[in-house]
Amino acid sequence: MALTYRCLIIDDESPAHKALASHISKFDELEHSGSAFSGMEAVKMLNENSYDIIFLDINMPVISGVELMELQPNRPLTIVTTAYSDYALSAYQNDAIDYLLKPISLDKFTKAIEKAKIYFSGNTLKKENTPNEKVLSQRVNGQMTDILLSDILYIESLGNYMKLYSAKISLPLIIYGSLSSIAAEIDSTNFLQVHRSYIVNINKVKATTFKTLTMSNNEIIPVGRKYQILLDSFFK
């Protein structure tokens, strides 16, 4: 028998509930099990009922989505659904598994559900590594995860946090720490800092210029002036 995931929609606007309920109805494995129209109502429902996934708005009166996440650290798997892009870092810091901007297309919704299913199945990035493959152990979405170094494209600094881009997933992972702290954990033979805000996997570089690198995912990474000489030694 296929698993069914109980879903709670938390949003103060009725159109958002209708849109998300419509998306949920298109998946046999999802069950729309509740609707909360405020943060306070959501807290009560979370304390009284069991859910597997919550779709959480950010901008709500009295208790915002970010405040709810902080008040409920052991809440169900969280997919943030909002019209505001400003709170993505806060959402990922509070272990949201995805951050969807309204209006939410079925395609984006589907990708978020696929990430949720991977999380529930336990098939995280740490699977299928061989004993000889080097990994980076970090907390991702509330659990320790072994990330294969060979899968990492590049790492971008966000102050006390970092965005880690992997060849295996479409969205970056938000992890705690600084580039200097993570540099000690990765293989300096294959990774190189090319800017004060970037470390790249040199095996994933597709093209170079004097001031930029093009990665295998076609993202353009800036090269800092003081790193250019060091970079030249790798690509002679």
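## A pairing at the sheet's edge

I79 finds its bridge partner in β5, and that residue is D98. Strand β4 (residues 77-82) runs parallel to β5, with 4 bridges between them. Strands here are DSSP runs of E with at least two residues, helices are runs of H or I with at least four residues, and both are numbered from the N terminus. Two strands pair if DSSP finds at least two bridges between them.

This is a predicted model, where local features need pLDDT of at least 70 and side-chain atom pairs need 80 or more, while totals for chains, interfaces and linings use all residues. Residues are numbered from 1 along each chain as its sequence is written, and side-chain values use heavy atoms, leaving out hydrogens and water.

## The sheet and its helices

Zooming out, 5 strands make an open, parallel sheet, ordered β2-β1-β3-β4-β5. The edges belong to β2 (30-36) and β5 (98-101), each with a single partner strand, so one side of each has no neighbour in the sheet.

Helix α1 (residues 14-25) lies across β1 (5-10), β2, β3 (53-56) and β4, at about 165° to β2. Helix α2 (residues 39-48) also packs on the sheet, touching β1, β2 and β3, and makes about 130° with β2. Those angles, from 0 to 180 degrees, are between N-to-C directions of lines fitted to C-alpha atoms, for helices over the stretch in contact.

## Over to R196

R196 sits in the loop between β11 (191-195) and β12 (198-201).

Beyond its neighbours within four places in sequence, R196 contacts L179 and Y227 (heavy atoms within 4.5 Å).
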